[in-house]
Amino acid sequence: MSDAPITHAEFTRAFRDTLGMFATGITVVATRAPNGEPIGLTVNSFNSVSLDPPLIVWSLANDLPSRQVFEQCEYYSVNVLAADQMHLSQIFASRSDDKFAGLEIDEGLYGVPLLRDCCARFECRNITRHPGGDHLVFISEVVRFDRTDREPLIFQGGAYRQLAPL
Ligand SMILES: Cc1cc2nc3c(=O)[nH]c(=O)nc-3n(C[C@H](O)[C@H](O)[C@H](O)COP(=O)(O)O)c2cc1C
């Protein structure tokens, strides 16, 4: 790396690209707004935290429309997308008002929406929320979970990918 001074925008771009070297799965985090409407967004900041108690973490950008609901809800689901569910990642990463249109969903605890045909699903109760720069970091307890043997969708270097054996 060169020592030449860089602008803030260049720093942010380089930081993003470097973070993008870390391959992740893709999840959709979903809950219900107080009026009962299902809401959800694509999230790849999901990770495990603790086995006992069973805790997971994810973070939500401060400036998103869904922030107000997630700041207040107690229960939500984390749905780990399968390799053939890239379209769901794209829908849930959009600003659409009706991301669930035409989608068959299961009802989880407290009516939390659960997507079908995922690799894994976690039903979570929020424990804490921590401000983390331009994101809010959620830590929650996993209350119920299930999985299938489907291959996961992968995100790396700003692109969708799928697993290949070494
Ligand atoms: C692959 C991928 C991963 C993403 N991960 C996150 C994330 O971890 N946290 C986040 O706040 N937004 C993330 N986003 C962006 C949100 O999905 C996107 O801003 C979405 O529009 C938010 O929904 P809303 O507009 O209904 O609030 C991700 C988007 C993509 C495509």
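The two exercises below, each with a worked solution, concern a predicted model.

**Exercise 1.** Describe the surroundings of the ligand, beginning with the residues around it and ending with the area that the protein buries.

*Solution.* Start with the shell, in which 19 residues surround the ligand, and note that the closest are Thr42, Ser45, Ala61, Ser66 and Lys99. Next, sort this shell by class, which gives 11 nonpolar, six polar and two charged residues. Then look for polar contacts, which are pairs of N or O atoms within 3.5 Å. An oxygen atom of the ligand is 2.8 Å from a polar backbone atom of Thr42, and a nitrogen atom of the ligand is 3.0 Å from a polar backbone atom of Asn44. At Ala93, a polar backbone atom is 3.1 Å from an oxygen atom of the ligand. Finally, turn to area: the ligand taken alone exposes 640 Å², and the protein buries 83% of that. The elements that give two or more residues to the shell are strand S3 (38–43) and strand S5 (55–61).

**Exercise 2.** Work out the order of the strands in the open sheet, and state which strands lie at its edges.

*Solution.* Begin with the general rule that strands of a sheet pair through backbone hydrogen bonds, either parallel or antiparallel. Here seven strands form an open sheet in the order S3-S2-S6-S9-S10-S5-S4, and the pairing is antiparallel. The edge strands are S3 and S4 (47–50), because each pairs on one side only. From one strand to the next, the twist averages 35 degrees.

Technical notes
Residues numbered from 1 in each chain as written. Predicted model: local features only at pLDDT ≥ 70, side-chain atom pairs only at ≥ 80, totals over all residues. Heavy atoms only, no water. Near = heavy atom within 4 Å. Polar contact = N/O pair within 3.5 Å; in protein donor to acceptor, adjacent residues only side chain to side chain. Areas by Shrake-Rupley, 256 points an atom, 1.4 Å probe, with all protein chains shown as cover. Helix = DSSP H or I, 4+ residues; strand = E, 2+ residues; numbered from the N terminus. Nonpolar A, V, L, I, M, F, W, Y, C, P; charged D, E, K, R; others polar. Pairing = 2+ DSSP bridges. Axes fitted to C-alpha atoms, helices over the stretch in contact; angles between N-to-C directions.
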